Structure formats: structure tokens, C-alpha cells
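Work through the exercises below with the coordinates open. Try each task before reading its solution.

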Amino acid sequence: MFLPEIYMDNAATSFPKADGVSDAVKQYLDTVGVNVGRSSYARCTDAGMTVLSVREQVADTFGCSDLRRVIFTGGCTAALNMAIQGYVRPGDSVLISSMEHNAVLRPLVALGCRLIRIPSDSDGCMRLDRLNVDWRELRLCVCTMASNVSGTLQDTEALAALAEKHGVPLVLDAAQAAGHVPIDLKQLHAAALCIPAHKGLRGPQGLGLMLLSESYADALQPSVFGGTGSQSHSDRMPPFLPDRFEPGTLNLPAIYGLGAAMRSFDPERARVHELALIRRFLAGVCEIPNIRLLGPTDPKKRVGVFAIDFLTIDNAEASARLDESFHILTRCGLHCAPEAHKTLGSFPQGAVRFSFSPATTANEIDAALAAIKEISAPS
């Protein structure tokens, strides 16, 4: 019997993309094709207005009061590197959670920073009540909003309040949160919010966003340099935004695609849909023996990213069987987040990750649960 493919690897990249994304990318490639900020003919000016419109959509959605502080980057990893490397210096002390992705860890380690980790419980939730740190020693705080391993949703509002109280900038990694939970940069009082276009927002790959507070935009130094089409007489980066942080050619096909995705995006509706899927998955998976679910069992404390440690079969074999026998596509391994797996007690074996999107259906959840039950049964 033919089984339709069930895509549950949305934490890596979303599929299918939002309606209109591929058409918008094709429109740019087939009928626009120009650069922006370099020339003044009508087609170039029109493209520039489209880019401006997408900045405005992003600013409105994520609570950034000035669209000039919406910076296009090559991805969320690039945004995090820019937000970190443009502010931190070798030897600085940086506060992080114990659930960080390598996109945060590796830049900090490469800079030779002293890393101070916020204690977490066994579900990966930060325990700020156990935090013992001299805030005067800290240069920066960086935290993932939602774990790419277990879906654990962190209390970033409480962390932001602490950081603001002590005058330490907070950079938020929203790779698994943007598009899944409502986010307001201004309300959070965060210094920077880093977002991928291709995950929860369901836009194209190769594009990220760095949203900056006014004070952090003033303090942050460029870490990538080049032509901007502005102040070409100078060998220095322009002092104004967004040019200061956008050297080179923007990924215009992806920006056009993101614009299409943003037009149909409703963060409140997306969260309601995902919570229904989360509750359905939790209700089923918690009844299945011979597996260990990583992360919280409270739906409100997570996003639709689930990691399962199979106890009767190797996790890699389980993931392969899900694909070969049930046509369910997952990701197995350490998910570029070894520190998270150490916190969750799943290092070095890793886990099998199931991750949802607005396109995921209740029937697909039920099919995944049935497959997990069959695979985890003792042979």
C-alpha cells in the first residue's frame, strides 16, 4: 500500500513553504532581476520599494519600532554571529543558557569568551532562581527562545527583565520561536532578535533577520564589510542603518519570497494551531512505553519540536525505519546542540526529532504516533 510522505523535519527547514513563496521568488528571477541601492532606473527603484515593504512587514510583526533596524542577513546563524562578534571581545564574560545551539556556542568559543551557563532543570527549562552571577562582570547575555532539540520554551521575559535591570544587553536566538509564538522585541526589551526566514516563517532559505534595539544598534560594530551603494567615496562603512550592517548584494529572491510568506502569516493563529498539535502529540506519546520524551509535558512550555530517545532500538535505526516503512521524515542525532543533549541526559546517543509546521495535520500526528508505538515495541 502506498503511504504519503509525512514531513516532520520543520525544525531544520519548513516544507511546504507558505502560499505564494515560490511564485514570488520566480517573479523576481524572471521579471525583476536587478540589484537595489545601486541604480536609479524604475525597475531598480520598484525593487527597492519591495525590500522596504518587507522590512516594514517584519518590523510590524516583531515589534521593532524603526524598520531601519531590521537588518537582512545570510541566515539566522549569520545574524547571531553579527550580533555577537560586533559587540563581544576576547576574554569577555557572557551569560548563556545550557540549551544553546552551536550557532551561539561556536562564535563565543572562537572569540575566547568566558561562558557562564544558567542552570536548567531536566526538561531544559532555565532556573533563574538558581542563577548566581555577578552581573557587573557580564558583557552580554545570549539565549535561545525555544530549544531546537526538545522544543523547550524559555522564560525569556524574566531573563530580559533581569538583564535590563543590570544593564546587560540580551541577544535572543529565535530560530525555533519565530513563527511559532508571538514575539515583540520592544516588549521584551531585548538588544537583538535573530530570526531565520526559512523555518517558522516558511520563507526561502539563505535569508535571516537581525532586529536591533536603538541602543544596541548604536553600540554594535559591523563585522562584515563591503560595498553598500551608499557613501561610495569612503573606505568606511556608512554610519547609518541599515547600510551599516548590509554590505554586498542582498538575497533579493529570498526577500521577495519572505514578503509573500509574511503576507499570510498570523502569529496568534499559528500558535493556536501548533498548540492543538502539541496537545494531540503529547496525549499519545506519553502513553507509549519503551521511549523517553525529552522536554516539558506542559504544552504551554514548548513549541512543536519533540525529541524521542528510543530505548529498545538505536535512534538512527528508528529514524531510518520511520522513513523506509512509514514515509515519516525526521532528524536523528545531536542536532548541532550537544550542550542541550547533555542537559537533557541524551548525550551522546542523541534522539529522533519530530517537528511541526502550520502545514502539519492531526492525521499526520496520529500516523507518527502509530509508527512510534510500532517501532518502539520489543522485538
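**Exercise 1: a strand residue and its surroundings**

Apart from neighbours within four places in sequence, Ile 96 is in contact with Val 104, Leu 105, Leu 108, Leu 115, Ile 116, Arg 117, Ile 118 and Val 142. The model is predicted.

Solution. 
- Step 1. Take one partner, Leu 115. Leu 115 lies 19 residues from Ile 96 along the chain, and their C-alpha atoms are 6.9 Å apart.

**Exercise 2: Thr 144**

Task. Find the strand that holds Thr 144, and the backbone oxygen that its side chain reaches.

Solution. 
- Step 1. Thr 144 sits in strand 5, residues 138-144.
- Step 2. Its relative accessibility is 5%, so Thr 144 counts as buried.
- Step 3. The side chain of Thr 144 reaches the backbone oxygen of Ala 146 at 2.9 Å.
- Step 4. Leave out residues up to four places away in sequence. Thr 144 then touches Ser 97, Met 99, Glu 100, Gln 154, Thr 156 and Asp 173.

**Exercise 3: cysteines**

Task. How many disulfides does the structure hold?

Solution. 
- Step 1. The count of disulfides is zero.
- Step 2. Cys 141 is in no disulfide; its nearest cysteine sulfur, in Cys 143, is 6.3 Å away. The cut-off for a disulfide is 2.5 Å between sulfur atoms.
- Step 3. For Cys 286, the closest cysteine sulfur is in Cys 125. The separation is 14 Å, so it is too far for a bond.
- Step 4. Check the exposure of both. Cys 141 has 0% relative accessibility and counts as buried. Cys 286 has 45% and counts as partly exposed.

**Exercise 4: into helix 9**

Task. Start at Phe 265 in the loop between helix 8 (252-263) and helix 9. Then describe helix 9: its span, its start and its buried residues.

Solution. 
- Step 1. Setting aside neighbours within four places, Phe 265 contacts Thr 61, Gly 179, Leu 201 and Ala 270. Ala 270 is one of the buried residues of helix 9.
- Step 2. At the start of helix 9, a side-chain oxygen of Asp 266 comes to within 3.1 Å of the backbone nitrogen of Glu 268.
- Step 3. The buried residues of helix 9 are Ala 270, Arg 271, Glu 274, Leu 275, Leu 277, Ile 278, Phe 281, Leu 282 and Val 285. Residues three or four places apart in an α-helix point the same way, because there are 3.6 residues a turn.
- Step 4. These buried residues pack against strand 9 (291-294), strand 10 (305-310), strand 13 (351-355) and helix 12 (362-376).

**Exercise 5: the whole chain**

Task. What radius of gyration does the chain have, and what would a compact globule with 379 residues have?

Solution. 
- Step 1. The chain contains twelve helices and 13 strands.
- Step 2. A compact globule with 379 residues would be near 21 Å. The chain has 21 Å, so the two agree.
- Step 3. Buried residues account for 56% of the 379.
- Step 4. Take contacts between residues at least 6 apart in sequence: 67% join residues at least 24 apart.

Terms used: Residues numbered from 1 in each chain as written. Predicted model: local features only at pLDDT ≥ 70, side-chain atom pairs only at ≥ 80, totals over all residues. Heavy atoms only, no water. Helix = DSSP H or I, 4+ residues; strand = E, 2+ residues; numbered from the N terminus. Expected span 1.5 Å × (residues − 1). Buried < 20%, exposed > 50% of the residue type's maximum accessible area, 1.4 Å probe, protein only. Contact = heavy atoms within 4.5 Å. Polar contact = N/O pair within 3.5 Å; in protein donor to acceptor, adjacent residues only side chain to side chain. Rg over C-alpha atoms; globule rule 2.2 N^0.38 Å.
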